[in-house]
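Colleague: I have a new structure open and would like to walk through it with you. Can we take it a piece at a time?

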Amino acid sequence: MSVLALLTIDLSPDRALSFARPEALWLGFLVAAVWAMTLLTRQEVTVRRRIVSAGLRTLIVALIVAAIAGPSLDRKVKRSAVVYLVDVSASVPDESLRSAAAWIQESAAALGEEDLASVIAYDGETRPVVRPTPVADLDLVPDGATASEVAAFFGRGREEVTSRTDLEGALLTAAAFVPEGWSGRVVVLSDGNENRGRAADEAARLAARGVTVSTVPLDRPAEEAPDALLEMIAFPSARVREGEPIEGRVIAHATREIEGTLRIYRNGVLEMSREMTLQPGKNPPITFTQQIDEKGLYAFEAFFTAKGDGRPQNNRAIGFLSVEGSPRVLIIEEKEAEARHLASALKRSRMTVTVRNAAGVPRTMTDLEGFDVVIFSDVPAISAQTSVSISTDQMALIRDYVHEFGGGFIMVGGENSFGLGGYYRTPIEECLPVKMEIPKKVEIPAIAMALVLDKSGSMSGPKVELAKEASRRVVELLKDRDYIAVVTFDSSFHWEVPMTRVIDKPRIVDAIGRIAAGGGTFMYPAMEQAYEELRKVNAKIKHMIVLTDGQTNPADHDTLVRRMVAERMTLSSVAIGEGSDRALLERLAQLGGGRHYFTNDFNNLPQIFVQETIKASRSAITEDPFKPQRVLDRPYVNGIDFETLLGYVTTKPKDMAEISLISPQEDPILATWQYGLGKTAAWTSDAKARWASIWMRSDGFTKFWSQLVRSVMKSKPRHDLQGEVIVRDGKARLVVDAVDENGAFINGTDLEADLYYWRPLGPAGDEIEGQPDEGEEVGSGGGSGTERAVERVRLVQVAPGRYEAELDADAPGGYLVKFRDESGLVETRGFAISYSPEYAAIGLDEGSLRRLAEAGGGTFDPSADRAVPEAVVATASRNHLAEVLLGIAALVLLVDLGVRRLRSWSELWPW
C-alpha cells in the first residue's frame, strides 16, 4: 500500500477525521528528541518546571506535525454524480440513439434523490446535452419522439464531425462534470467503434481517481438495412514492370446477404463490371487481372452498387499500382497530328510517347506521375478555335510536378506558345526559365488597344471583377508609347478610360477598378465610340476587344466592323457563358480579322486578354531565317549541327537561366534551369513544319530532342532506398529501408518526406458518397485541380538502415508521399483512405467495450436499474484544521516561553 494514501479515522457513523498527507505523521518521532533535549540539558530550574516545559514542547511539535499532515473534519454521505456519454457518430443509427435515451431515463430513475445526472453527446467533438442536474429533473425527450428527433436532441451534426469517434475527449470532459466530494460514475453508451484517441488509457486514469467507467453496447436495430463494405484493393506487389500481369484483390464485407454490381476503374476508365452477391461477414477476395503496357502510377477504384444498402459511403475502395518501364513522354499539341515529327524523333530514341490535345492535360498528380517529361508544343492556354482551356489549377499541377516531384517540362515555340498562348503570369511561366512580357524594342510599332466591356447587371459579381483584372493585365503589358481606352456599356456607353498614352499606369488601373455592374445591354454605341477613338490616335497597330455575357440590342454591327477593317483596325471578341450571343460575336471577330473566344470559366478572362494583347502587338514572333548560335556548351547541344530555323517566339531570360542557344538578335532560343527538384526548358522555335521544316529532315533533329528530353527527365528512383507507407488509426507511418548493392545497411542518411493530398471526386466533380452510375467515368481518385501539400517531415533512423516518420492521414482521399534525400527525389508512393474510418466498422465491437469497462473499473452491459452501483462513502463537506492547529501551537509556544523565562513564575505558582 502506498504511504501517500489518504488516512481516514472514523469518529462516528457520519463523521471522520482524515489526513491528506498522512506520511507527514512520521515526523512524530521528533517528540522523543524534545524529551531527550529537555532531560539532558542542564538548566537552573526545578525538575517539575522542566517536565512541564517538555510537555508543552511535545504538544507544539504534535500540533505542527498534525497540521503538516493536512487534517480535515469531514461529514460523510452516499451520493453519486453520474455522467452518461452517448455516441452520436455516424456508425450509430438514429434508432439506437432513441434506445439510448430510454435507457438513460430508466437508469436515472433508479438513482438516489440527491444524486446528479448529466448527459454528454460525442462524435469527433464533445457536446454537453444536459449539465449536472438532480435526477428528478432529468427529462431527455418526450414520449413518442421519432428517432430523427432524438438524434437532433443529442446534436448529431456535421458530416466532418460525425465521421469521427473521439471517446477519449468525451471522458476528459466527463471528469469535469463530477463535483468535488461526489462519488463519480461514467456510463458510456456506444457501439465500441473508436477511431480517435485512446479511451482505455483515459478510463484507467479516471478509475485511479475513484471515478468508475461502465459501458452499455448500442446494438443495431433488427430491421436495419444491410450494409456492404469494401475494405481495400490489394496487389501482391506495389510495383510491376510494363506488360507484366498482376492480380488485384478486392476485400469485401457485408452485414447480411446483399446483391449488387462491383465495378472497377483504372485511372477513371471502367475495367470490370460484375454482378455478385456478398455473404454475411468477410467474403473471399474478389480477383481481377491487370496487364499494363505503359509506365506510370495508376489509381484503381472499386464501387459496389446495391439497392437498399444502408451506408453507401463505405462501398468504395482505392488502391495504387506503380508500373515501371521505359521513359515516358507526354506531348500536348493543339492539333495532335502536328506533333508527329517530334513524337517520331522521341520514339526512335526508345521513349514511350503519348500525344494529346489541350483537353488531355492531366488533372491529377496520379496521371502526371506516369510521365518523365511533359512537353507543351504550340498549344494555347485558351483556344480561340476549340474553346478548350488549360485551367490555372492544371498549370499549377504541372509546376508542382516539376518543383516538388522532380518531373521535367519543356515548352516548344509556335504562334500559340509562351505569351502568345496566354501563359504570361501563370504557373507555367513561373516554372520556365524565360519571361513572356512584350519585349522592349525600338522597332516595335505603337499599339492602341480599345477594350469594350459589358457591365450590365448580369456581369455583377465575379464576372465584372475578372473583366477588370483582365483589363489591368493589358495595361501592365503595354509600354509607355502605347495607348489604351476602356469603354463600358449597359443600356448606354460609359468612358472609364478615354484613349490615353500608357504613361500613368496607376491612374489607369485605379479608373478600371471603379467599374461597377448594373443596367441593360446595348453594345453598339460603345463599339462606335471606341472606333472613333481608335481613328484619332496615331498608332500603327489598332485593336479592339469586345466582351459580353448577354444578348445586345439590334444594331448594324457588321457595317461598323467593315469600316474598322477598312482603316486597318482589328477586332477580337469574347463570349462569357451560354447566354451570350455567340453567333454575333464570332461573326464580328471573323469580319474584324481577329479571334473569337468562348468560355464558361470566368477565370480565363485575364489569360484571354493577355493572349490577345501580345498577339495584337505583333512583337512576340520573329520570322526571319537564322541559324542558332551556341553560347554555352551543354551535353544536350554538343555534337548537334543546327540547320536553319525560320522563326521563333521572342522571350526574355530569367536571371538564373542557362542560355545555350541564341538568335542573331541575342534572344533565347534554348534556355534551361533547375526548378526545385525538377528541370524545365524553353525552346522558342517550333518542332514542326512551320519554322523547323528544314532542320527536322536531318539526323540532328532526332539527336537534339533525345538529348534535351533526357536532360530534363525525372531522375530514376534509387533502388538502394525503398519506401513504404503503413496506414493505421488515422496515421501514416513512413518507412524507408536503405541497403546498398552489397546488402550492407546505409546509415546516417538525411531523409525527408512530403505528403500531398487531394479529395476524391465523383463523375460530376462532386464529392463521392456512394458510387457513379453505370457508364460514367470517375476521376481516378483525383480532384478537379492540383493537390495540396499537407506536411513535410524528417525521417528518423530507428534501426540499422531503417528510417521512419509518422504523419496524420485521416481525411478520405488520395495521398502521394514523396521521399527524398540530399541528392533529390528518391521515389513516390501512393496510398488512399477510401472513406472515413467511421464507416469502416460493421456492427458492434463488443470486445472494445469490455476492455474499456475493465480499464475503468466498471461493468460491461449492466441493466438500466443497476447500471450505477451504490455510491461509496463520499465527502459532502470538509473542514480543514491545519490553520487551527497552527494557531493553537502558537499559543502553546507563548506559554512555554513563560514557563522557561519568567523569574516570578515560582511565586505565581508555588511548587
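This is a predicted model: local features need pLDDT of at least 70, side-chain atom pairs count only at pLDDT 80 or more; totals for chains, interfaces and linings use all residues.

Colleague: How far apart are Arg472 and Glu469 in helix H12?

Modeller: They are three residues apart in helix H12, so about one helical turn separates them.

Colleague: Is Arg472 buried, exposed or partly exposed?

Modeller: Arg472 has 22% relative accessibility, so it counts as partly exposed. Glu469 is at 24% and therefore also counts as partly exposed.

Colleague: Which residue does Glu533 form a salt bridge with?

Modeller: Glu533 pairs with Lys536, with the closest N and O atoms 3.5 Å apart. Both are in helix H14 (residues 524-536), three residues apart, so the separation is about one helical turn.

Colleague: And which of those is buried or exposed?

Modeller: Glu533 has a relative accessible area of 17%, so it is buried, the cut-off being under 20%. Lys536 is at 64% relative accessibility and counts as exposed.

Colleague: What about the salt bridge of Arg794?

Modeller: The side chain of Arg794 meets that of Glu752 in a salt bridge, 3.3 Å from N to O. This pair links distant parts of the chain, with Arg794 in strand E39 (residues 788-799) and Glu752 in strand E38 (residues 751-758), 42 residues apart. Arg794 is partly exposed, with a relative accessible area of 49%, and Glu752 counts as partly exposed at 22% relative accessibility.

Colleague: Which residues do salt bridges that share partners join into one network?

Modeller: Glu333, Glu338, Asp378 and Lys688 are joined that way.

Colleague: How many salt bridges does the count come to?

Modeller: The count comes to 37 salt bridges.

Colleague: Which residues point which way from E27?

Modeller: Met569, Leu571, Ser573 and Ala575 point one way, Thr570, Ser572, Val574 and Ile576 point the other way, and all are buried.

Colleague: What does E27 pair with?

Modeller: Strand E26 (residues 541-548) is joined to E27 by seven bridges, and the two run parallel. Leu547 stands opposite Val574 in E27. Between these strands the chain passes through helix H15 (residues 557-566), and this β-α-β crossover from E26 to E27 is right-handed. E27 is also joined to strand E28 (residues 593-599), by five bridges, and that pair runs parallel. Ala575 stands opposite Phe598 in E28.

Colleague: Which helix goes with E27 and E28 in a β-α-β unit?

Modeller: Helix H16 (residues 582-591), and the unit is right-handed.

Colleague: What is the strand order in the open sheet of eight strands?

Modeller: The order is E19-E18-E20-E21-E35-E34-E33-E30, with mixed pairing. Strand E19 (352-356) and strand E30 (629-630) are the edge strands, each pairing on one side only. Within the sheet, five bridges join strand E18 (residues 328-333) to strand E20 (residues 373-377), which run parallel. Val329 stands opposite Val373 in E20.

Colleague: Now the cores. Which residues touch the most other members of the largest nonpolar core?

Modeller: That core has 79 residues, and Phe376, Phe409, Tyr423, Ile484 and Phe609 touch the most other members. Helix H12 (residues 462-477) gives the largest share, seven residues. Leaving aside neighbours within four places in sequence, Ile484 is in contact with residues including Met449, Val474, Leu478, Pro498 and Ile508. Apart from this core lies another, of 36 residues, among them Ala339, Val412, Ala681 and Phe704.

Colleague: Last one: where does Ser685 lie?

Modeller: Ser685 lies in the loop between strand E35 (678-683) and helix H18 (699-712). Its relative accessibility is 0%, so Ser685 counts as buried.

Colleague: What does the side chain of Ser685 reach?

Modeller: The side chain of Ser685 reaches the backbone oxygen of Gly647 at 2.9 Å. Not counting residues up to four places away in sequence, Ser685 touches Val412, Gly413, Leu645, Gly647, Tyr648 and Trp691.

Technical notes. Residues are numbered from 1 along each chain as its sequence is written. Side-chain values use heavy atoms; hydrogens and water are left out. Buried means under 20% relative accessible area, exposed over 50%, partly exposed in between (1.4 Å probe, protein chains only). Helices (H or I, at least four residues) and strands (E, at least two) are DSSP runs, numbered from the N terminus. Two strands pair if DSSP finds at least two bridges between them. A crossover is right-handed if, with the strands pointing away from the viewer, the path from the first strand over the helix to the second runs clockwise. A polar contact is a pair of N or O atoms within 3.5 Å; within protein, one must be able to donate a hydrogen and the other to accept it, and residues adjacent in sequence count only if both atoms are side-chain atoms. Contact means heavy atoms within 4.5 Å. A nonpolar core is a set of buried Ala, Val, Leu, Ile, Met, Phe, Trp, Tyr and Cys residues joined through side-chain atoms within 4.5 Å. A salt bridge is a side-chain nitrogen of Lys or Arg within 4 Å of a carboxyl oxygen of Asp or Glu.
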